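User: I would like to go through this model with you, one topic at a time. Please keep the answers plain.

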Amino acid sequence: MKFKNFYVKPVAPDSLEPLYEISYNMWSTWDKEAERLYRRINPELFRSVKHNPVEFLHKLPPEEMERLSKDSGFIYELEKVYDKFKRYMGFEGYYTDEEGTDVPADKDDSIAYFSMEFGMHESVAIYSGGLGVLAGDYLKAASDTGIPLYGIGLLYTYGYMNQRIAIDGFQQEEYLENKWYLKPVRETLNASGEPVMFPLKIKNEDVWIKIWEIDVGKVKLYLLDTNIPQNSLSARCITDHLYVGDKHLRIQQEIILGQGGLKALDILGIKPKIFHLNEGHSAFLIIERMKKLVIDNKMSFEKAKQLIVQSTVFTTHTPVIEGNEHFDETFIREYFKHDVESLGMTLDSFLQCGRVDNSRIFWLPIFAIKYSKFRNGVSKLHGEVSRNMWKEIFPHMHDDEVPIGYVTNGVHLQTWLSMEITYLFDRYLGPDYMHRANRAEIWEGVSAIPNNEIWEAHKRRKEQLVTFVRKKLVHTLQRRGAPAKSIKKASNVLNPQFLTIGFARRFATYKRANLLLQDPERLKKILMNPQKPVQIIFAGKAHPADIAGKTIIKEILNFAVEYGLEDHVVFVEDYDMDIARHMVQGVDVWLNNPIKPLEASGTSGIKAGINGVLNLSVLDGWWPECYNGNNGWAITAGDIYSDIAQKTSAEAQQVYDLLEEEITEKYYEKSESYYPEPWVEMMKNSIYSVGKGFNMHRMLTEYYNKFYAKEFSNLDVLEKDNYKKIDEIIALNKKFHDKWNSIYIKDAFTDIESHGVNKRQSIPVEVYAYLDGMSEKDLKVEFFYSPDNNICREIELKFIEMYQDNVAKYTGSFTVTGSGEQGYNIRIRPSSDFFYELYPEYVKWFIK
Ligand SMILES: *Cc1c(COP(=O)(O)O)cnc(C)c1O
């Protein structure tokens with residue numbers, strides 16, 4: 001027999017109403033006092049619902065509710081938390097400008113932040129890994145600092161997969177349906193109280209989209225959902241799973257996110273000035289913006305393009321080309337023919353926007369790069385890698401000039417700090433860090449934290465981690481139907497006294513989770529050292545289609561069994577934010593050994609570092625910007641090899657050496673005190689340096705100052721007098737377009753050889769350029785000097801005179817520095833930096 005399910009909302013006693021109110025705001029998942037409040041009510045139930053405040057309150061028996069409503073101690077604590085919440089929500093925001101001044105954010109200067117995934121809490125399963133967690137942390141930081149930002153994403157019926165490890169050690173996937181009425185997610189309602197829905201044409205079908213919302217502190221995250229009865233069965237499935245393999249479903253999801261996302265904002269009356277694309281998945285947004293400006297607002301295509309470029313920020317996260325989002329061009333033809341033609345554009349010229357070479361592939365990041373003014377990677381090193389990777393889009397530029405910058409990632413402190421370290425922060429740093437951790441002076445307070453308090457805090461977390469892992473293992477084995485003997489064994493694994501290494505991340509092969517298994521005998525010796533024992537906790541999912549990744553999981557499990565190390569090497573299944581939190585707060589050392597430079601940033605090491613967990617990591621991603629010799633360890637031995645096997649072997653050797661000679665030595669050195677003083681000094685250094693440099697407020701402030709603030713003031717100028725400035729840009733472009741073919745550098749004289757290059761004297765340069773009637777004011781000539789491969793200096797030459805035949809003379813000089821092989825070149829380009837930034841194709845070099 002079947003039932004049709006319907007849902008009845010529980011009735012709460014009046015005095016508990018605030019408890020319901022805060023449960024619908026993600027704030028209650030990251031504020032430690034709110035979390036403690038729920039835990040106090042019923043810790044078992046709270047754990048069993050994955051710390052989901054909404055589900056928790058729904059499942060709480062009415063008699064318990066009744067009892068609570070009369071418990072004056074509880075009501076007192078609830079009122080305190082509720083007050084804190086009200087204060088948080090009423091906080092008037094500001095951002096810190098480049099001079100360090102706090103400036104109130106203008107509410108009209110809002111930003112729409114598009115992302116395929118958002119990871120805010122383990123109970124809202126619409127994320128897969130680092131990209132999503134970063135996006136979630138970003139929204140939280142925007143809320144903390146009061147920056148007007150809206151998140152746009154998709155509501156996945158099943159989210160990402162849940163990982164189950166079968167008895168043979170092979171990963172299986174399980175897909176659990178998200179029950180939204182049990183989550184802090186609500187339907188967005190219109191003025192008459194009805195859910196907001198709207199149609200979007202995908203090929204020939206009207207697909208209906210429903211809008212949901214999540215309150216992330218003061219920030220709204222809007223999520224789009226096609227799983228509604230109005231839709232055909234196939235349309236209902238579009239938003240089923242995150243990162244579907246089926247290319248048709250994938251492009252449909254991205255159409256919903258990009259094009260649907262803009263429509264949703266319109267319907268909600270939100271008018272963001274800036275659109276920030278977190279990865280290329282949402283790039284189809286550009287097409288919808290174009291349609292709006294060209295068709296609805298009757299703007300010219302060129303003008304609309306300028307406006308879009310100048311209000312778009314694109315962040316790339318993927319350092320290998322193939323990992324970037326792309327579609328065969330037939331897909332673009334199939335899905336966008338109508339849209340593109342309605343813009344008066346041919347499909348062929350549109351396809352050009354996503355191409356690098358003649359292969360018939362449309363790359364979303366290329367499309368996004370071409371239609372944004374600011375683009376960035378997510379660490380200094382990744383900025384370089386990205387410039388190199390996409391340099392073909394800017395074929396005339398010097399490698400260093402490719403306009404892709406970087407903003408290094410950060411993490412949201414309150415989400416990732418342990419309760420214990422949070423209390424230390426509250427007491428020694430003061431509560432300001434909750435709103436303005438970007439201010440460097442706040443971090444000076446770390447040095448005042450007594451060493452023994454740090455050690456005690458860490459010890460408690462570690463004990464809790466061990467208990468947590470044991471419970472997880474027991475639970476896993478019980479579900480698998482394992483024999484009682486192994487269950488009993490699992491309930492005793494790990495020892496909170498032992499030096500504990502954590503390794504948790506997606507099991508993508510480049511992350512090399514099995515690096516430590518290179519020499520199993522040596523590893524066993526390290527783990528089983530009777531004086532200085534070591535243990536390792538692993539966690540992480542392999543992508544369902546990634547057999548190699550799954551094999552690595554199996555390899556680790558086999559190693560533990562084969563070498564009798566089940567007490568020392570454990571794998572916790574179904575990695576999520578809950579497991580991540582426990583691990584980054586409770587282990588001693590955080591291991592990170594990707595193949596450099598494939599880890600664009602990495603953020604789990606940042607989460608660990610702020611908790612005083614010491615990073616042991618390849619100098620990749622964020623780590624080269626933070627490592628100072630006293631806050632962790634750097635794995636560098638592989639750098640000199642290009643062969644992956646040699647690299648891996650050298651790096652494994654170095655990790656063993658470090659473990660044997662330094663890390664265990666330092667950790668077990670307790671002659672002065674009951675805890676290892678030098679180790680705790682390193683922990684403190686880690687909390688200080690990682691916290692100060694890699695908190696999410698710093699990252700957000702950097703995006704604000706480098707990109708958003710510039711675009712806001714720029715947009716004000718562009719929009720004045722009915723877009724007069726854009727008209728001027730377009731007119732200038734026409735002028736350049738007509739003349740550019742014939743303009744060139746005719747001749748140049750530097751006389752370097754006759755001056756003898758080792759003399760540090762000023763060497764004159766004389767250049768003659770043919771301007772074909774263009775004014776010398778429109779152009780500039782630069783001498784490019786490269787004293788070594790890494791440095792490039794441009795020296796602007798002075799215009800001297802114009803001859804009858806439209807040839808202009810320029811002169812200047814430069815001074816030789818350094819020694820060894822050096823180079824120079826000379827170029828001509830538009831004199832306006834602003835214009836050149838928009839049209840980087842206008843540059844001609846003397847030496848080709
Ligand atoms: C932080 C986090 C990640 C990202 O970690 P990396 O170091 O970037 O690999 C992935 N998954 C979860 C659940 C996380 O919390």
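User: To begin with, is the crossing of α10 and α11 left-handed or right-handed?

Analyst: This is a predicted model. In it, α10 and α11 cross in a right-handed manner.

User: What about the axes of α10 and α11: how close do they come, and at what angle do they cross?

Analyst: The axis of α10 (residues 247-267) comes within 6 Å of the axis of α11, and the two cross at roughly 50 degrees. The two helices are therefore oblique to each other.

User: Which residues make that contact?

Analyst: On the α10 side they are Gly258, Gln259, Leu262, Lys263 and Asp266. On the α11 side they are Leu285, Ile287, Glu288, Arg289, Lys291 and Lys292. By class, this contact of α10 with α11 comprises 3 nonpolar, 2 polar and 6 charged residues.

User: Let us stay with α11. How does it lie against α13?

Analyst: Helix α11 (residues 285-296) and helix α13 (residues 329-342) have axes that come within 10 Å and cross at roughly 30 degrees. Angles under 35 degrees count as roughly parallel, so α11 is roughly parallel to α13. The crossing of α11 past α13 is left-handed.

User: And which residues form the contact there?

Analyst: Helix α11 contributes Ile287, Lys291 and Ile295, while α13 contributes Phe336, Asp339 and Ser342. These divide into 3 nonpolar, 1 polar and 2 charged residues.

User: Now the pair α22 and α26. What are the distance and angle?

Analyst: The axes of α22 (residues 520-528) and α26 (residues 644-667) come within 11 Å, with a crossing angle of roughly 20 degrees. That angle makes α22 roughly parallel to α26. Here α22 passes α26 in a left-handed crossing.

User: Which side chains or backbones are involved, by residue?

Analyst: From α22, the contact is made by Arg522, Leu523 and Ile526; from α26, by Gln653, Tyr656, Asp657, Leu659 and Glu660. The classes are 4 nonpolar, 1 polar and 3 charged.

User: Changing topic to strands: what is the order in the open sheet of 4 strands?

Analyst: The order is β23-β24-β28-β27, and the pairing is antiparallel. Strands β23 (744-749) and β27 (798-802) are the edges, each pairing on one side only. From one strand to the next, the twist averages 25 degrees.

User: How many bridges join β27 to β28?

Analyst: There are 4 bridges between β27 and β28 (residues 807-815), and the two strands run antiparallel. Phenylalanine 799 is placed opposite tyrosine 810 of β28.

User: How many aromatic pairs does the structure hold?

Analyst: It holds 55 aromatic pairs. One of them joins tryptophan 30 and tyrosine 88: the ring centres are 6.1 Å apart and the planes stand at 75 degrees, so the pair is edge-to-face. This pair links distant parts of the chain, with tryptophan 30 in α2 (residues 27-30) and tyrosine 88 in α7 (residues 72-90), 58 residues apart.

User: Last topic, backbone geometry. Is the peptide bond from lysine 596 to proline 597 cis or trans?

Analyst: That bond is cis, with omega near 0 degrees. Proline 597 is located in the loop between β20 (589-592) and α25 (604-610).

User: And what is phi of leucine 494?

Analyst: Phi of leucine 494 is near 65 degrees, a positive value in a residue other than glycine. Leucine 494 sits in the loop between α21 (484-490) and β17 (499-504).

Note on methods
Residues are numbered from 1 along each chain as its sequence is written. This is a predicted model: local features need pLDDT of at least 70, side-chain atom pairs count only at pLDDT 80 or more; totals for chains, interfaces and linings use all residues. Side-chain values use heavy atoms; hydrogens and water are left out. Axes are lines fitted to C-alpha atoms, for helices over the stretch in contact, and angles run from 0 to 180 degrees between N-to-C directions. Angles under 35 degrees count as roughly parallel, over 145 as roughly antiparallel, 65 to 115 as roughly perpendicular and the rest as oblique. A crossing is left-handed if the near helix is turned anticlockwise from the far one by less than a right angle, and right-handed if clockwise. Contact means heavy atoms within 4.5 Å. Ala, Val, Leu, Ile, Met, Phe, Trp, Tyr, Cys and Pro count as nonpolar, Asp, Glu, Lys and Arg as charged, and the others, Gly among them, as polar. Two strands pair if DSSP finds at least two bridges between them. Rings of Phe, Tyr and Trp (its six-membered ring) pair if their centres lie within 6.5 Å; planes under 30 degrees apart count as stacked, over 60 as edge-to-face and the rest as tilted.
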